[in-house]
Amino acid sequence: MSEISAQFQMQLDTFALDASFTAPSVGVTALFGPSGSGKTTLLRCIAGLEKARGTLQVNGATWQDEKTFLPVHQRPLGYVFQEASLFPHLSVRANLEYGLKRTPPAERKVPLEQVVEWLGLGRLIERGDPAKLSGGERQRVAIGRALLTSPRILLMDEPLSALDSTSKQEILPYLERLHRELNIPVLYVSHALDEVARLADHLVLLEKGRVIASGALHETLARLDLPLAHFDDAGAVLEASVAQQDETYHLTRLDFPGGQLWVGKVEQPFGTRVRARVLARDVSIATQPPQGSSINNILNARIAEIRDEGPHKVMLRLQVGDAHTLLSRITRRSRDQLGLTEGMFVCAQVKSVALMA
Amino acid sequence: MPPLDPADLQAVWLTLKLASVTTVLLLLIVTPLAWWLAHSKKWYRGPVAAVVALPLVLPPSVLGFYLLLLLGPHGLVGKLTTALHLGTLPFTFVGLVVGSVLFSMPFAVQPIQNAFEAMGKRPLEVAATLRANAWDRFFSVALPLARPGFLTATILAFAHTVGEFGVVLMLGGNIQGETRVLSVAIYNHVEAIEYGAAHWLAGGMVLFSFVVLLGLYLAGGKSWRVTQ
């Protein structure tokens with residue numbers, strides 16, 4: 001029973017939260033939904049910051065049921081708020097150590113030096129006053145402060161949403177690093193699809209206080225019955241590994257079961273796992289292997305599903321190999337001219353690939 | 001040499017003692033009260049806040065009058081203190097302390113309540129997620145963040161007690177060494193047309209009040225900036 005299982009009901013001003021989901025005990029689970037869908041409230045219920053009716057189990061320990069309600073400070077969790085919320089009366093170091101000092105020595109698993117190294121906090125500690133830090137730096141300190149309580153689960157409430165895009169770009173590599181290094185589950189609230197595609201392994205989709213879907217990221221992103229696949233920046237995520245470096249053209253070949261992709265040079269050793277995101281609008285379809293095309297990446301795919309999307313577009317779900325999926329958004333006219341039907345084998349031309357670490 | 005007799009110096013000493021005792025008691029009473037007023041959602045929060053603020057608008061003589069009745073031998077509290085062999089409180093130093101605490105309460109409550117309200121819930125929530133229990137959160141986060149409010153409250157309560165006249169006269173009378181504070185001593189000198197002594201005491205009060213307020217404004221400018 002090493003997983004997170006939550007189930008909450010709560011009446012809010014505009015809607016009722018009635019959500020239940022389970023999340024694996026490893027990796028990042030994104031709670032995703034439009035603003036006002038109840039994802040932050042759900043996260044606060046898990047932390048015990050809101051008192052909802054329900055049950056909550058984390059790695060086999062009961063945090064809440066009919067009889068139990070563990071107070072926030074007794075839950076071994078780390079919480080990162082939207083705004084860094086550093087204590088203004090304490091130095092950067094004292095902020096970092098606030099939770100560490102209150103964690104019994106026997107439970108301390110994360111040393112200060114480790115967190116400082118992960119989040120690049122070395123220079124920030126020396127600066128003393130948290131008011132002197134930039135938004136992104138403050139948020140890094142806040143994440144470090146939460147990790148230093150040696151939590152058994154990390155809860156993050158849109159930690160990037162209060163930051164400008166420069167700070168976001170600065171902090172994302174750190175989050176990706178945590179994703180690789182941490183061996184505790186992370187619940188990550190977000191309404192930004194690109195963040196989720198980059199960081200999450202598992203997705204819980206919320207709408208008006210209810211969980212409408214939950215599952216592995218790459219499957220859920222590509223489900224045409226869910227709103228995600230119809231976002232403007234809808235796309236699929238592939239897990240691939242570095243297979244070949246082309247020094248002449250400065251390209252790297254990524255392999256995944258079912259195909260390969262050439263992308264701009266990735267400075268990683270052979271075999272490194274990388275995550276690639278392919279947007280639906282960057283995938284076009286040919287029924288024959290195209291001649292004289294500038295597109296490097298052409299994958300053999302089977303059309304698994306076709307769904308109308310508005311008056312002139314259709315979305316295709318493509319099966320690549322046994323385990324991988326791509327989305328492709330084309331016009332309805334192209335579908336009819338090419339005579340595309342479900343089950344057909346086609347060539348998927350991938351115009352661009354975004355690498356996610 | 002100022003034309004002050006030992007009785008005047010006694011009045012100065014008594015005033016400082018009254019103001020100090022009142023301020024200490026007020027901070028102890030008012031901190032939980034201000035916390036409650038800042039966070040409670042009970043229906044009676046409003047009425048309680050109004051009662052606490054009453055001395056701001058009531059003439060001191062009104063407050064003094066009712067206190068005199070309440071604490072006197074026929075009053076509810078008076079009967080209680082008599083039954084406990086404590087005697088009655090009017091015309092004693094303890095009586096003055098009770099009056100001053102009530103009279104200066106709004107000046108102590110409001111800055112602290114404002115400070116608690118201004119910090120919002122977030123810092124306390126953060127502290128809770130960092131494993132701090134309720135008392136720990138209060139002492140390690142709420143109190144330090146409310147420091148400017150406490151400073152203001154301390155200075156205002158002290159200064160306001162020093163300047164009190166009406167309540168003292170109604171409740172404490174004019175007993176040398178027991179209830180004759182500075183403001184009453186000045187009144188006596190003016191009544192006796194001893195303007196020289198009155199000047200020394202009154203001028204001293206003006207200077208004292210100026211220094212206190214100056215200190216308040218200088219300290220108030222250096223409050224914590226709440227960072228995101």
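**Note on the predicted two-chain model**

1. Eight bridges connect strand β17 (residues 313–320) of chain A with β18(A), and the two strands run antiparallel. The hairpin they form has three residues between the strands, and A:Gly321 in this hairpin has a positive phi near 65°. Across the pair, A:Arg317 sits opposite A:Leu327 in β18(A). Strand β18 (residues 324–331) of chain A is largely enclosed by the rest of the structure, because seven of its eight residues are buried. This is a predicted model, and the points below should be read as such.

2. On confidence, the predictor assigns the complex an ipTM of 0.86 and a pTM of 0.85. Chain B has a mean pLDDT of 89, with 96% of its residues at 70 or more. Among the elements of chain B, the highest mean pLDDT (96) belongs to helix α6 (residues 122–129) of chain B, and the lowest (85) to helix α11 (residues 195–220) of chain B.

3. Chain A splits into domain 1 (3–221) and domain 2 (235–355). Taken over C-alpha atoms, the centres of domain 1 of chain A and domain 2 of chain A are 33 Å apart. The contact between them involves four residues of domain 1 of chain A and five residues of domain 2 of chain A. On the domain 1 side, helix α8 (residues 217–221) of chain A gives the most, with three residues. By class, that side of domain 1 of chain A has three nonpolar residues, one polar and no charged.

4. The largest nonpolar core has 149 residues, and those touching the most other members are A:Leu155, A:Val204, A:Leu327 and B:Ala108. Helix α5(B) provides the largest share of this core, 11 residues. From chain A, domain 1 (3–221) and domain 2 (235–355) each give the core at least three residues. A:Leu327 is also the residue of β18(A) that stands opposite A:Arg317.

5. A:Val204 deserves a separate look. Apart from neighbours within four places in sequence, A:Val204 is in contact with A:Phe21, A:Ala23, A:Thr29, A:Ala30, A:Leu31, A:Phe32, A:Val211 and A:Ser214.

6. Between the chains, 23 residues of chain A are in contact with 18 residues of chain B. On the side of chain A that touches chain B, β6 and α2 of chain A each supply at least two residues. The residues on that side comprise 14 nonpolar, six polar and three charged.

7. Helix α2 (residues 92–101) of chain A has these buried residues: A:Val92, A:Asn95, A:Leu96, A:Tyr98, A:Gly99 and A:Leu100. The cover over the buried residues of α2(A) includes α3 (112–119), α4 (122–126) and α5 (135–147) of chain A. In the loop between β6 (77–80) and α2 of chain A lies A:Ser85. This residue is not a glycine, yet A:Ser85 has a positive phi of about 50°. A:Ser85 counts as buried because it has 25 C-beta neighbours inside 10 Å, where the cut-off for buried is 20 or more.

8. Chain B consists of 11 helices and zero strands in its secondary structure. Its C-alpha atoms fill a box of roughly 65 × 45 × 30 Å along the principal axes. Chain B has 228 residues, of which 35% count as buried. Of the contacts in chain B with a separation of 6 or more, 72% are between residues 24 or more positions apart.

9. Most residues other than glycine have a negative phi. B:Phe91, in the loop between α4 (76–83) and α5 (93–119) of chain B, has a positive phi near 65°. B:Phe91 counts as partly exposed because it has 18 C-beta neighbours inside 10 Å. The other is B:Ile193, which follows α10(B) and has a positive phi near 55°. The buried residues of helix α10 (residues 182–191) of chain B are B:Leu182, B:Val184, B:Ala185, B:Ile186 and B:His189.

How values were computed: Residues are numbered from 1 along each chain as its sequence is written. Chains are lettered from A and ligands numbered from 1 in the order in which they are written. This is a predicted model: local features need pLDDT of at least 70, side-chain atom pairs count only at pLDDT 80 or more; totals for chains, interfaces and linings use all residues. Domain bounds come from an automatic or database domain assignment. Two residues are in contact if their C-beta atoms, placed from the backbone, lie within 7 Å. Helices (H or I, at least four residues) and strands (E, at least two) are DSSP runs, numbered from the N terminus. Ala, Val, Leu, Ile, Met, Phe, Trp, Tyr, Cys and Pro count as nonpolar, Asp, Glu, Lys and Arg as charged, and the others, Gly among them, as polar. A residue is buried if 20 or more other C-beta atoms lie within 10 Å of its own, exposed if 12 or fewer, and partly exposed in between; C-beta atoms are placed from the backbone. pLDDT is the predictor's confidence in each residue, from 0 to 100. A nonpolar core is a set of buried Ala, Val, Leu, Ile, Met, Phe, Trp, Tyr and Cys residues joined through C-beta atoms within 7 Å. Two strands pair if DSSP finds at least two bridges between them.
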